[in-house]
Structures are given as C-alpha cells and as structure tokens.
Amino acid sequence: MRVVKTFYIETFGCQMNVHDSEKVIGTLIAQGYSQVATPEEAELVFYNTCSIRDKAEQKVFSRLQQFKKEHGRGKTFAVLGCVAQQEGEKIFAKAPHVSLVCGSASYNQLPEMLVQLETGNRRVTGLSLDTEDTFDTPLTRRDNPHRAYITIIEGCDKSCAYCVVPFTRGPERSRTSASVISEARKLASAGYSEIQLLGQNVNSYRDPSPAGWDFTTLLANVGRTPGIRRVRFTTSHPRDFVQGIIDAIDENLALCNHVHLPVQSGSTRVLEAMQRLYTRDDYMRRIDWMKKARRDIAITTDVIVGFPGETEADFEATLALLDAVEYDSIFSFKYSRRPNTPALALGDQVPEEEKGRRLTILQERQRAIQVRRNATYLGRVEECLVEGFNKATGQWIGRTSQNKTLNFIRPTADPVDNLLGTYVEVRVTRTGPNSLAGESVH
Ligand code: SF4
C-alpha cells in the first residue's frame with residue numbers, strides 16, 4: 001500500500017470554488033497530507049474546476065495534458081468541482097491518468113475517498129447530487145488573514161437558460177443560522193475583521209432550523225458580530241432581492257455599502273429567453289431602492305452579450321441600462337454554449353465576431369462611466385482595509401467599503417510601519433477608471 005502524503009491544489013473559477021478549496025485543503029491536512037507549492041513537488045494533484053464558460057473547462061483539460069507524463073512518475077490526479085460533476089466518469093476516458101472525480105455536493109465524503117485512493121483504488125468518484133447536506137467543516141484553511149468567506153447556501157433552484165450551476169452544484173441547501181453565526185464569532189476571535197457571505201443565490205437563503213431566518217435577518221445578525229467591521233455578500237438574484245437588504249445596510253455601517261446585482265441583459269425580451277424571472281422594470285425598481293438609500297451604495301453587475309436571439313435593439317437596451325444605473329464596475333462576457341443548459345435548444349445564435357464587437361462596445365461604454373463615477377471621489381476621505389503593499393510604487397493597497405481599490409501613500413511613514421489588516425482613513429487625490437489613489441490622513 002502506497003500512502004500519498006503531499007498535495008498541490010489549483011483552483012479555477014468563482015469565490016465559491018476558492019472557498020471550497022480552503023475547506024478541501026483543511027480536510028486534507030487533517031488527514032495527514034501536507035500542501036506543497038507546485039505540482040512538481042506533489043504526489044497528489046488536485047484541480048478544482050469551473051465550467052461556467054467553455055474556456056475555463058478547456059484550461060483544466062490542457063493542465064491535465066501537461067502533466068500526463070507525471071502519472072508515470074507516480075503522481076495521482078484528482079478533478080474536483082463543476083467540470084468533475086458535469087463530465088463525471090467521462091473524465092477517466094478523456095484523461096486516463098485521473099484517479100478521483102468529485103463534484104462539490106460530495107465533498108463531505110472526501111476523507112473516505114482519500115482512503116480508497118490510498119488503498120490503491122484507481123477510479124474513485126463522488127458524483128451524487130442527491131444531498132441535503134452542505135459542506136461545513138471546522139477544518140477550513142484560510143489564506144487571507146483578514147477576510148474570511150462563509151458559505152451560507154449551496155446549489156441553486158433557478159434555471160437560467162445559459163447556466164450550468166443547477167447541474168453541477170445541485171439543489172439549494174442552506175446552513176442553519178446558528179452554525180453561520182457561530183462561525184462568524186470564531187472568525188472574529190481569530191482576528192478576522194471582514195466576512196464575505198457566499199452562495200450561488202444568497203437572497204434565497206432559508207434557515208432550515210426552527211429559527212427560520214431569511215437572508216436579511218441573517219445578514220443583519222452577522223453584521224452585529226462583535227469584532228467584525230465589514231460584511232459583504234455575493235451573489236444576489238434580482239428576483240429574490242428585497243428592500244429589507246438595503247434597509248439593513250442603511251442601519252449598520254458594518255454591512256458594506258456595495259451590492260453586486262447581476263442583470264445579464266437590459267432587454268426584457270432577452271431576460272425572458274434567459275429565464276431570469278424578472279423584467280427590466282423589476283430590476284430598475286431594485287436599483288431605485290439602492291439610489292434612495294441613505295448610504296452611497298456602490299452597484300456592480302454581470303452582463304452577457306450575444307445571448308441567442310439578442311438583436312441590435314436588445315443590445316442597445318443593455319447599453320442604455322448601463323447609462324441609467326451608472327455601475328461602479330461590471331463583469332461582462334460573451335455568451336458561451338454550455339452542456340445540458342436549456343439555451344442549447346435555442347436557434348438564432350449570434351456570430352462570434354458580432355459577440356466580440358458588442359462586448360468591446362459595452363466595455364468601452366462602461367469604462368467611460370467608471371471614469372466619471374470615480375472622478376466624483378476626488379477629495380473624499382474613505383476608510384480602507386489595508387490588503388497589501390506594492391514595493392515597486394511604494395503604495396499601500398487598500399479596499400473601501402464600496403469595494404474600490406484605493407492605493408495610497410503615508411506621508412508620515414515610519415519604515416517599520418506595517419499597516420496590513422488595519423483600517424486607515426485615506427483622502428482620494430487621483431482617480432482612474434479602475435482604481436483610486438490617495439494619501440492617508442493621519
Ligand atoms: S441564479 Fe441562474 S445564473 Fe445564478 S447560479 Fe442559479 S441558474 Fe446559474
């Protein structure tokens with residue numbers, strides 16, 4: 001029997017995957033494995049994969065190809081996450097040197113799967129989506145010493161026509177409010193000051209315990225955890241996003257004044273084809289709540305261009321929506337056909353070249369909005385959590401409550417100053433489309 005003792009993990013995709021990897025790392029370390037920095041040094045190599053776009057999926061298979069020869073040298077390969085769930089045992093055919101394929105709904109069984117690997121089993125799978133459990137573990141290994149993720153809900157019960165998540169992460173399962181609050185308290189006593197609540201759709205959180213909290217109640221209570229100065233949450237779904245969330249942000253400065261509310265398209269016709277369950281007007285009503293809030297709430301979004309059937313007029317409606325909302329930033333993508341999704345059945349595909357043209361126009365329009373929006377910060381004093389130091393520029397890297405990067409210098413700097421993890425007041429002296437720059441005021 002050969003016992004594998006070192007592992008390397010590479011993570012692709014969203015924050016949910018990043019946090020899942022933190023939990024997997026903690027689980028492996030508790031099983032006696034030690035983490036190494038490169039795949040070359042490792043005996044067991046994990047890829048935690050993303051299949052949201054075709055490109056992300058191809059990247060995983062190309063990584064596996066690169067290391068094919070290494071299998072002959074005794075390495076074991078494991079594929080986790082969305083590609084694992086989507087492709088299942090087909091991965092063994094495509095990449096025969098892979099020994100473990102496990103989707104996120106089966107991570108609870110990882111310790112047993114590792115035992116199977118160690119006892120020489122060459123094909124181990126965890127692919128069931130039939131679960132009511134979430135992957136909660138006290139063993140999470142967090143890299144960032146100041147900001148911690150907490151998963152509050154896994155899976156998704158929506159069926160947006162372009163999205164693989166319902167097929168790769170399974171149905172919605174919420175954690176109990178007591179376990180979330182207890183994790184937040186533990187993190188605060190371990191020195192974390194910022195918490196980010198995670199879920200595919202955090203707004204549909206439903207406490208399975210008799211307390212029966214909804215998302216707004218959970219958010220407000222996490223925001224009252226002593227020692228926690230900032231709480232963020234992602235991702236929201238406009239259909240389930242309620243005014244109470246804005247009221248909670250207005251009432252408690254610990255809840256960051258930033259909302260990421262994916263719109264995907266500014267055309268009601270396209271939203272309907274996407275099965276998004278809201279109209280442009282429904283979405284704009286939520287934006288209106290945010291604009292009327294007492295606090296200055298930064299708003300960000302996701303946009304897909306070139307969804308099947310998207311006409312020039314639909315695209316223009318999306319551009320007009322960007323102007324109307326004045327987003328602080330956006331993530332924008334060309335529509336990508338994904339396996340199993342309802343959109344595969346739709347005709348009227350937009351040619352790749354046209355998708356590219358629309359994406360460029362959209363990004364240019366948004367860049368101009370960001371230049372204008374960020375210019376309004378000139379002269380303002382913003383509180384930053386210091387996340388890093390850039391040796392090349394001599395600037396500290398800070399993040400505002402609105403999730404803007406604010407690079408700054410400290411005029412009265414002491415060379416031994418270490419501001420990492422502290423909160424600093426910074427006056428904005430320069431602005432650009434993607435970040436702000438300034439000087440600390442003390
Ligand atoms: S809400 Fe829609 S886009 Fe978001 S994970 Fe669920 S199905 Fe995918």
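Student: Hello! How many of the residues of strand β11 are buried?

Tutor: Welcome! Keep in mind that this is a predicted model. Strand β11 covers residues 230–234 and is largely enclosed by the rest of the structure. That is because the buried residues in β11 number 5 of the 5.

Student: Which residues point the other way from β11 than R230, R232 and T234 do?

Tutor: In a regular strand the side chains alternate between the two faces of the sheet. In β11, R230, R232 and T234 point one way, and these are buried. Pointing the other way, and buried too, are V231 and F233.

Student: What is the bridge partner of E194 in β11?

Tutor: Strands β10 and β11 run parallel and are joined by 5 bridges. One of the pairings involves E194, whose partner in β11 is R230.

Student: Is N201 buried or exposed?

Tutor: N201 sits in the loop between β10 (194–198) and α9 (215–222). Its relative accessibility is 1%, and buried means under 20%. Therefore N201 counts as buried.

Student: With which side chain does the side chain of N201 make a polar contact?

Tutor: Leaving out residues up to four places away in sequence, N201 touches I153, K158, E172, T235, S236, H237 and D240. One of these also makes a polar contact, side chain to side chain, at 2.7 Å. That partner of N201 is D240.

Student: Now for S174: is this residue buried or exposed?

Tutor: S174 belongs to strand β9 (residues 173–174). Its relative accessible area is 18%, and the cut-off for buried is under 20%. So S174 is buried.

Student: Which residue's backbone nitrogen does the side chain of S174 reach?

Tutor: Apart from neighbours within four places in sequence, S174 is in contact with T134, I152, I153, Y205, R206 and P208. For one of them, the side chain of S174 reaches the backbone nitrogen at 3.1 Å. The residue is R206.

Student: Which element gives the most to the lining of the second largest pocket?

Tutor: This pocket holds about 360 Å³ of space. The elements giving two or more residues to its lining are α2 (54–66), β14 (329–334) and α14 (352–375). With 4 residues, the element that gives the most is α2.

Student: How many charged residues does the lining of the second largest pocket have?

Tutor: The lining has 15 residues, and R53, K55, F333, K334 and S336 lie nearest the centre of the pocket. By class, 6 are nonpolar and 2 are polar. The number of charged residues is 7.

Note on methods: Residues are numbered from 1 along each chain as its sequence is written. This is a predicted model: local features need pLDDT of at least 70, side-chain atom pairs count only at pLDDT 80 or more; totals for chains, interfaces and linings use all residues. Side-chain values use heavy atoms; hydrogens and water are left out. Buried means under 20% relative accessible area, exposed over 50%, partly exposed in between (1.4 Å probe, protein chains only). Contact means heavy atoms within 4.5 Å. A polar contact is a pair of N or O atoms within 3.5 Å; within protein, one must be able to donate a hydrogen and the other to accept it, and residues adjacent in sequence count only if both atoms are side-chain atoms. On a 1 Å grid over the protein atoms alone, a cavity is a set of points where a 1.4 Å probe fits but cannot get out, and a pocket is an open set with protein on both sides within 12 Å along at least five of seven lines; lining residues have an atom within 4 Å of a point. Grid points are joined across faces, edges and corners, and a volume is the space filled by probe spheres set on the points. Ala, Val, Leu, Ile, Met, Phe, Trp, Tyr, Cys and Pro count as nonpolar, Asp, Glu, Lys and Arg as charged, and the others, Gly among them, as polar. Two strands pair if DSSP finds at least two bridges between them.
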